[in-house]
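I opened my notebook for a walk through this fold. Here is what I looked up, entry by entry.

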Amino acid sequence: MSNNKLTTRLPNQNIIDTAREQYENTQRSKLPSIVIDLPSKGLIYPEDSILREGKVEMRYMTAYDEDIITNASYLQNGILFDKLIDAVLLTPIKSKDIAPLDRDMLIVYSRILAYGPEYPISITDPKTKTVLDRIVDLSKLDQKPFDLVPDKNGEFDYTVNDDITLKFAYNSKIQENATISQMLKQLIRQVGTTRNDSDIEHFIRYEFLASDAKQFRTFYIKNAPGINYEYEFEGEDGGTFKSRFQIGSDIFWF
C-alpha cells in the first residue's frame, strides 16, 4: 500500500469516527434527562471548572447501558461505576474529574431513574441482633450540610494550633488501603505558603503531631459533603431504629 493511500484512509477514518460520535450524541440528547444538584454544591472544584456550578445533567439509562452494569470485567477491575457515569453524563465532564462524594449521588440517581428507588438490603437489629431484610427508599436520602468557604481553587483552610495554616481538598481520590500518611498527602495541598510536595511530606513526617493530625481528620470527615446514609428501619419488635448502610456494586442488581 502506498503512503498516499494510507494518509488518505486516516483522515477518512477520522471523519467516520466524528460522524459516529455526533450521531450518538444526537440520539442521547433525545433521551429524557435530569439535572442533579451535587452534594458539594460545586465548591470543592476550581472556579474555572464546569463542576463549580454545582450541578450536572445526566440522561436515563437504556437497555444498551445495562451491558455496562453486567460487565464482569468492569466489576472486577473496579471501573463499573466510572464507565456508567461516563455513558449517562450529558454535561461535558468525565467521571474521573468528579469527586467520589459527588459521584455517589450520580450513581444513586442512575439507579432510581433506571429501576426505581427501592433498594433491598440486610441490616442487623441492634436489640435482637437478628439480620433483617429491609427496603431503603433511595429517593429519601438526604445530603449532608456543607457550609465551608472555598478559595478560587476549591480548597479550604485549616489552622493547626493557631500556628500553621493548611489548605486541603475534598476532590481527592483516596486510594483503597492507603495509610494515614498517604491519605494526608493526598488531602493536603499547601502547608503555610508552600505547595511543594516534598515540603508537605516533610511536614507530615516530622512536624504534624499525631494528636493534631487526628483532629484534622476528624474535622475533615465531620465537614465533608456527601449523602447521609443514616436511615430509619423497622425493627423486629415493630419499633424503629436508625442505622447507617452502605451502597455497593449490587445497587443495580434486584
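Two strands pair if DSSP finds at least two bridges between them. I keep in mind that this is a predicted model.

**The sheet.** I started with Leu 166, whose bridge partner in E8 is Val 191. I then looked at strand E7 (residues 164-169), which pairs with E8 in the antiparallel sense over three bridges. Stepping back, I saw three strands forming an open sheet in the order E6-E7-E8, with antiparallel pairing. E6 and strand E8 (188-191) each have a single partner strand, so one side of each edge strand has no neighbour in the sheet. On average, neighbouring strands here are turned by 25° against each other, direction ignored.

**Helices on the sheet.** I found helix H7 (residues 197-206) packed on the sheet, touching E7 and E8, with its direction at about 90° to that of E8. Helix H8 (residues 210-223) also packs there and touches E6, E7 and E8; its direction makes about 145° with that of E6.

**The core.** Which residues have the most contacts inside the largest nonpolar core? I noted Leu 106, Val 136, Tyr 170, Ile 188, Phe 208, Phe 216 and Phe 245, in a core of 61 residues. Leaving aside neighbours within four places in sequence, Tyr 170 is in contact with residues including Ile 44, Phe 146, Phe 219 and Pro 225.

**Two loop residues.** Is Asp 151 buried or exposed? I found a relative accessible area of 19%, under the 20% cut-off, so Asp 151 counts as buried. Asp 151 sits in the loop between strand E5 (142-143) and strand E6 (155-160). Lys 127, in the loop between strand E3 (118-124) and strand E4 (131-137), is exposed at 66% relative accessibility. A polar contact of 3.5 Å joins the side chains of Lys 127 and Asp 237.

Terms used: Residues numbered from 1 in each chain as written. Predicted model: local features only at pLDDT ≥ 70, side-chain atom pairs only at ≥ 80, totals over all residues. Heavy atoms only, no water. Helix = DSSP H or I, 4+ residues; strand = E, 2+ residues; numbered from the N terminus. Buried < 20%, exposed > 50% of the residue type's maximum accessible area, 1.4 Å probe, protein only. Polar contact = N/O pair within 3.5 Å; in protein donor to acceptor, adjacent residues only side chain to side chain. Core = buried A, V, L, I, M, F, W, Y, C linked by side-chain atoms within 4.5 Å. Contact = heavy atoms within 4.5 Å. Axes fitted to C-alpha atoms, helices over the stretch in contact; angles between N-to-C directions.
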